[in-house]
Amino acid sequence: MSTFNIAVLPGDGIGPEVMEQAIKVIRVIEEKTGNSFMLHEAKIGGCAIDAAGEPLPSQTLELCKKCDAVMLGAVGGPKWDTLPGNKRPEAGLLAIRAGLGLFANLRPAVIYDALKDASPLKQEIISGGVDIMVVRELTGGMYFGERGRVKTCDKGEAAFDTETYSELEVERIARLGFETAMKRSRKLMSVDKANVLESSRLWREVVIKLSAEYPEVELSHMYVDNAAMQLVRNPRQFDVIVTTNMFGDILSDEASMITGSIGMLPSASLGSGKAGLYEPIHGSAPDIAGQNKANPIATILSAAMMMRYSLGMEDAAKDIEAAVARVLEKGYRTGDIASFGCQVVGTAEMGTLICEEIK
Ligand code: IPM
Ligand code: MG
């Protein structure tokens, strides 16, 4: 039996209420497996700005560095929207990813059989199922490049953000893309904008060079605008997608909606070691915060990813995922995925139903 230390960062908006459900699930797994989970709560985002004056207090980062894994809810809200860029809640999220060296972000978009009606795409497009893994670069590119404002000669202002990728940054994320493809259907789609961007041309060169080490993987390339279109035209053509930080941010939101709701998609952020950060891909949804309406499934599935990738508990991960599928099959839905004839439940009830199913 093992003891795992887990940093829990609920954050803002719906973060705390969806995290509460994931913790319920973690406690059930604890009981079932006999492993123990020591949970250490800390602040990030807007609540950290209010309490400590900065979106990622150093105590939070230090705590996370000592833990086996980090569970994160969501950050941000209108209260902090007018702060300067580097003081905003979102800056805390970028800083923790960089501070922990988490350069890779896995975002699986899977359609559950029970949720096919919730997808905005026509049944004939998704009826064979959709199972896409977006491998997003997470600590480089435009979100971390130099940015700023300069005065223009007409006494106005101009703003700039820069996209920079080094060969090393591309190679390590591409390698994870190939490795992920090897464990799945051995198809890898690299998404870039190499018809315009120099950083994308380097990206493509590095990916092609690395492909020599993975002869079994069928590699293809797509421009990001075309990929955005192809995702809704025929999502079944995709299996593993590897792409930059910004393109992955955008395409993973799109892929999530194909599955019915952004409230369903978990993510794992990984670096070179086993420790990782697990968070739903949705944001803090301040409009529904505190109303017991949010879908906790993305956060619960993030806990499953944590079991799989950081704690070596594949069985527990499968247990959680199967429980989610069964609860959906029984017809329970949160508001975001509700359809005719379903039983609509709140955040806490959904968490409890999944726990019961795991037991
Ligand atoms: C996400 C979010 C974040 C990102 C924001 C909140 C900084 O959109 O995790 O996808 O862009 O990475
Ligand atoms: Mg996003």
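Modeller: Buried means under 20% relative accessible area, exposed means over 50%, and partly exposed is in between, with a 1.4 Å probe and protein chains only as the basis. This is a predicted model, where local features need pLDDT of at least 70, side-chain atom pairs count only at pLDDT 80 or more, and totals for chains, interfaces and linings use all residues. Residues are numbered from 1 along each chain as its sequence is written, chains are lettered from A and ligands numbered from 1 in the order in which they are written, and side-chain values use heavy atoms, with hydrogens and water left out.

Colleague: Why does the radius of gyration agree with a compact globule?

Modeller: A compact globule of 359 residues would have a radius of gyration near 21 Å, and the protein chain has 20 Å, so the two agree. The radius is taken over C-alpha atoms, and the globule rule is 2.2 Å times the number of residues to the power 0.38. Along the principal axes, the C-alpha atoms fill a box of roughly 60 × 50 × 45 Å.

Colleague: How much of the protein chain is buried?

Modeller: Buried residues are 52% of the 359 residues. As for contacts with a separation of 6 or more, 74% are between residues 24 or more positions apart.

Colleague: Which domains does the assignment give?

Modeller: Domain 1 is 1-106 + 260-359, and domain 2 is 120-258. Those bounds come from an automatic or database domain assignment. The centres of domain 1 and domain 2, taken over C-alpha atoms, are 24 Å apart.

Colleague: How many residues of domain 1 are in contact with domain 2?

Modeller: 15 residues of domain 1, and they are in contact with 17 residues of domain 2.

Colleague: Switching topic to backbone angles: what is phi of Lys155?

Modeller: Phi of Lys155 is near 70°, a positive value in a residue other than glycine. Lys155 is in the loop between strand 6 (147-151) and strand 7 (157-161). Lys155 counts as exposed because its relative accessibility is 79%.

Colleague: And what is phi of Arg186?

Modeller: Arg186 has a positive phi of about 60°, and it is not a glycine either. Arg186 is in the loop between helix 6 (167-183) and strand 8 (187-192). With a relative accessible area of 36%, Arg186 is partly exposed.

Colleague: Which residues does Arg175 touch?

Modeller: Leaving out residues up to four places away in sequence, Arg175 touches Leu210, Glu213 and Tyr214. Arg175 is in helix 6, and its C-alpha atom is 7.4 Å from that of Leu210, 35 residues apart along the chain. Arg175 is partly exposed, since its relative accessible area is 27%.

Colleague: One more: where is the place of His40?

Modeller: His40 is in strand 2, residues 36-41. At 25% relative accessibility, His40 counts as partly exposed. Residues up to four places away aside, His40 touches Asn5, Ile6, Ala7, Val8, Leu63 and Cys67.

Colleague: How far apart in space are His40 and Val240?

Modeller: They are 34 Å apart, C-alpha to C-alpha, and 200 residues apart in sequence.

Conventions. Contact means heavy atoms within 4.5 Å. Helices (H or I, at least four residues) and strands (E, at least two) are DSSP runs, numbered from the N terminus.
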